[in-house]
Amino acid sequence: MDNRASMDTGAFLANRTSISNRRHFLRAAGAAAVTAPALLRGASTRSWTEIERILASGNVKGRVARDEAPTPALMLDLDLFEANVKKMVAHARASNRALRPHGKTHKCPEIARYLVKQGAAGACAAKLSEAEVFAAHGVRGLLVTTAAVGKYKIERAVRLAGVAPDTIFSVDNARNAQELNDAAAAAKRKLWVALDLCVSGRTGVMPGVPAVALAEQIARLPHLQLKGIQAYAGSAAHVKGWQKRRDTSLALMTPAIETRAELNKRGIQTPWLSGGSTGTYNIDSNIDGITELQPGSFMFMDTDYNVIGGKETGESYTDFGNALTILATVVSRPADEHVIIDSGFKAMATDRSFLPVPKDPELKFSFGGDEHGKLVSTGGALKLQVGDRVEIIAPHCDPTVNLYDRLYCTRGNAVEAVWSIAARGMSQ
Ligand SMILES: Cc1ncc(COP(=O)(O)O)c(C=O)c1O
């Protein structure tokens, strides 16, 4: 559908709040100049064939400028990304918790490997097909957070365990556990499994009696080995206000902690309990019984997380920087009041009620259809001209990343690497 271009008042107000929260952002490069030069600003003096050849070679460091990326392009500011990772790794280490960041955010084997190098225990994968991609690229310590249900998925799970034997598969159902066990037996393998607990109204077996019964069944199945508990409290992640978020997470996670204690009391050892999100990382790390954190968005951030409120920063959440942006080009200036960029619904996920936010706080974005976005000025005259580049922060990073094949990794004005989002579209 290509007719959702108008913005309602609520979304407009939310958008403006987000913009005012981000006054610290740098103005987009080139936005200050007014007159159009002979060469479109943002365009390279080199031929596209030459740039394409460099990109295809994989050796781009020092050879491509950020404004030579064809737009819409997904950009990663490496300084911010590395600082985000460093902070989360240090926090997990200081709290004596393992860190297994969720790969559903980045879908990029280079990033999964980088995180392990920085100290992560491995990577979570939302789906089997995502885990298969990570495993094929040498990532180990995988936790598949969604159950493998049905004959074909089970067949693939067993095959994946052959490639990456330490992979942990989530289970929340007795029949599924039996089928996994039987398939593993036929392949003469043993599978690590995690008991997926329903703590937040999504997947999982209910904590308490149902969870204990399932754990006891798993303990009797010779080809499954219970590794621990998977408990993701998604509905706590974006609760606004740190104190309120803390109360919510505590309330949701307590049944999981109690279930783990009960299992251990009955002699069913569950060495770990994995959970948590970008919004609750510094809450869950203080809950006794949670041994591992599995946040994802922290490495990129998005406008959704920017406004949840921090522990010491009031309404804005500044624990992590906005490393991920969409680079767009102004392709039309039909009137002095607005310009059209080449990025619309197909360039930024639209599952949130509020809008993408330009890094330049004097610009306001609204969708202009599948392929286009509209920018107006919130300050004085609109200075953007055709050919100018602008950077935009997506409302929701995970599904936005899933729209792109490559990630342009930049340091300052230089593209340092182009990473493949190899698990893009892997939703099976
Ligand atoms: C099971 C699970 N764990 C962890 C996360 C990471 O959450 P966030 O990206 O909010 O840090 C998600 C995100 O949806 C998830 O589904």
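Modeller: Let us begin with burial in helix H6, where Lys153, Ile154, Ala157, Val158, Leu160 and Ala161 are buried. A residue is called buried if 20 or more other C-beta atoms lie within 10 Å of its own, exposed if 12 or fewer, and partly exposed in between, with C-beta atoms placed from the backbone. Seen down the axis of H6, the buried residues fall within an arc of 160 degrees, so they line one face of the helix. That arc is taken from the directions from the helix axis to the C-beta atoms. The model is a predicted one, in which local features need pLDDT of at least 70 and side-chain atom pairs count only at pLDDT 80 or more, while totals for chains, interfaces and linings use all residues. Residues are numbered from 1 along each chain as its sequence is written.

Biologist: Which exposed residues does the face of H6 turned away from its buried side carry, and what covers the buried residues?

Modeller: The face turned away carries Lys151, Tyr152 and Gly162. The cover over the buried residues of H6 includes helix H5 (128–136), strand S6 (168–171), helix H7 (174–186) and strand S7 (191–196). Helices (H or I, at least four residues) and strands (E, at least two) are DSSP runs, numbered from the N terminus.

Biologist: How is a sheet to be read, and what is the order of the strands in the open sheet here?

Modeller: Strands of a sheet pair through backbone hydrogen bonds, either parallel or antiparallel. Two strands are said to pair if DSSP finds at least two bridges between them. Here an open sheet of 8 strands has the order S3-S10-S9-S8-S7-S6-S5-S4, with parallel pairing. Strand S3 (98–99) and strand S4 (123–125) stand at the edges, each with a single partner strand, so one side of each is left without a neighbour in the sheet. S4 pairs in the parallel sense with strand S5 (residues 142–144) over 3 bridges, and Cys124 has Leu143 in S5 as its bridge partner.

Biologist: Which residues of strand S9 lie on each of its faces, and are they buried or exposed?

Modeller: In a regular strand the side chains alternate between the two faces of the sheet. In S9 (residues 272–275), Trp272 and Ser274 lie on one side and Leu273 and Gly275 on the other, and all are buried. S9 runs parallel to strand S8 (residues 224–230), joined by 3 bridges, and to strand S10 (residues 292–293), joined by 2 bridges. Ser274 stands opposite Gln230 and has Glu292 in S10 as a bridge partner.

Biologist: Which loop holds Lys107, and is Lys107 buried or exposed?

Modeller: Lys107 lies in the loop between S3 and helix H4 (109–117), and has a positive phi of about 50 degrees although it is not a glycine. Lys107 is buried because 25 other C-beta atoms lie within 10 Å. Lys188, in the loop between H7 and S7, also is not a glycine and has a positive phi, of about 55 degrees. Lys188 counts as exposed because it has 7 C-beta neighbours inside 10 Å.

Biologist: Which residues does a cis peptide bond join?

Modeller: The cis peptide bond joins Thr71 and Pro72, with omega about -5 degrees. Pro72 lies in the loop between strand S1 (64–65) and strand S2 (73–77).

Notes: Contact = placed C-beta atoms within 7 Å.
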